[in-house]
Amino acid sequence: MAEEKWVLMVTAQTPTNIAVIKYWGKRDEVRILPINDSISVTLDPDHLCTLTTVAVSPSFDRDRMWLNGKEISLSGSRYQNCLREIRSRGDDVEDKAKGIKIAKKDWEKLHLHIASYNNFPTAAGLASSAAGFACLVFSLAKLMNVNEDQSQLSAIARQGSGSACRSLFGGFVKWNMGVKEDGSDSVAVQLADEKHWDDLVIIIAVVSSREKETSSTSGMRESVETSLLLKHRAEEVVPRRISEMEEAIKNRDFTSFTKLTCTDSNQFHAVCMDTSPPIFYMNDTSHRIISLVEKWNRSVGTPEIAYTFDAGPNAVLIAKSRKVAVELLQGLLYCFPPKPDTDMKSYVLGDKSIVKEAGLEGGDVPQEIKDKIGNQDQKGEVSYFICSRPGKGPVVLQDQTQALLNPQTGLPK
């Protein structure tokens, strides 16, 4: 290993994911092993992602991490587990241009600097920890020349945040719960890539970007300990839904996809209410959005929109086609208009082309769309919307200007 004070860096981008068959409950709290399989859709990283820069240097005196510009502790077991697992798999690295050589054995004593940034609210029910830990593991694997495939890496990311394992792939992803005690078979696999069903459009209504009162970790633990419905769900209901959802995705069967997605979301929140004490992740606005979608689907006679809610009040709406998504956005802007002083550019984020097609004025809504959703006006009930679509998995960013750490010092820019 060269003696000079060099810094070697990698920057990567990793998407978040939204479960359509939910993960809720662990059989092993330390290894983060779930009590059931789950399936998710990866969202386009252009709209929802974590950006992480990892750096190594002999001049670093300890491991350090900054999240969204603020230094955080790495002492927690989840970070330590990921760092230990990835370090043990590090291999020889050589950068001839910089004259850097790192031997496999050096990774145990070299320190790391990590900077991570989410382009969406942290801990608000938008799977920020999933994207964060997936990006941490993916970027470190690239830095350390780890010779393992994405499924093997997913088993490491899982130890940081369960859902993180599903963010190692794009498109539609299944997390196999596995049966082994060591968790080696509890890994993510891709069911289909993002191009398989590219008609779908995803609109997220961010009802609240505040941190939730009950974290997913403590909520799951309480559900496992107290909810009889969760036991029935994991053993009887989910296995059947998993196989039906795999078929629905394979055949691009939106009717079945919608039924499974909505009923699984509702059952997940029923489990939360069946927990003692009960957990309330959704609020009145969440319930109004469910009613809007149910009324819409009934009025057209066939499902055009699916809804799902993770551990938070934010609604994830999956539209059958771009045409439906444009109409849905018009309807949402009609029902949940921005406050008078809110700029539309900050109220609808993500895929701006859908915004253009929908028209920017929530009041200019065709009568047929009003008929689908009924008369509502809930100003200020939604913080903002994000338009997205199924997206690709993690990628290394070659453009050094996107790095979050200074290439000379290894400190945040």
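Two strands are taken as paired if DSSP finds at least two bridges between them. I applied this criterion throughout the entries on the sheet, working on a predicted model.

**Entry: the sheet**

I looked up the strand order and found an open sheet of four strands, running β2-β5-β12-β13 with antiparallel pairing. I then asked which strands stand at the edges. They are β2 (17-21) and β13 (188-192); each has a single partner strand, so one side of each is left without a neighbour in the sheet. I also noted the angle between neighbouring strands of this sheet, which is 35 degrees on average, direction ignored.

**Entry: the β5 and β12 pairing**

I next examined strand β5 (residues 38-42) against strand β12 (residues 172-175) and recorded antiparallel pairing over four bridges. For I39, I looked up the bridge partner in β12 and found K174.

**Entry: aromatic residues**

I consulted the search of the whole structure for aromatic pairs, and it gives ten. I noted one aromatic cluster formed by F172, W197, F254 and F257. Of these cluster members, I marked F172 as lying within the residue range of β12 (172-175).

**Entry: S223**

I located S223 in helix α4, which spans residues 216-226. Is S223 buried or exposed? I found a relative accessible area of 0%, and since buried means under 20%, S223 is therefore classed as buried. I then listed the residues that S223 touches, leaving out those up to four places away in sequence: W24, L230, V271, T275 and I279.

How values were computed: Residues are numbered from 1 along each chain as its sequence is written. This is a predicted model: local features need pLDDT of at least 70, side-chain atom pairs count only at pLDDT 80 or more; totals for chains, interfaces and linings use all residues. Side-chain values use heavy atoms; hydrogens and water are left out. Rings of Phe, Tyr and Trp (its six-membered ring) pair if their centres lie within 6.5 Å; planes under 30 degrees apart count as stacked, over 60 as edge-to-face and the rest as tilted. Helices (H or I, at least four residues) and strands (E, at least two) are DSSP runs, numbered from the N terminus. Buried means under 20% relative accessible area, exposed over 50%, partly exposed in between (1.4 Å probe, protein chains only). Contact means heavy atoms within 4.5 Å. Axes are lines fitted to C-alpha atoms, for helices over the stretch in contact, and angles run from 0 to 180 degrees between N-to-C directions.
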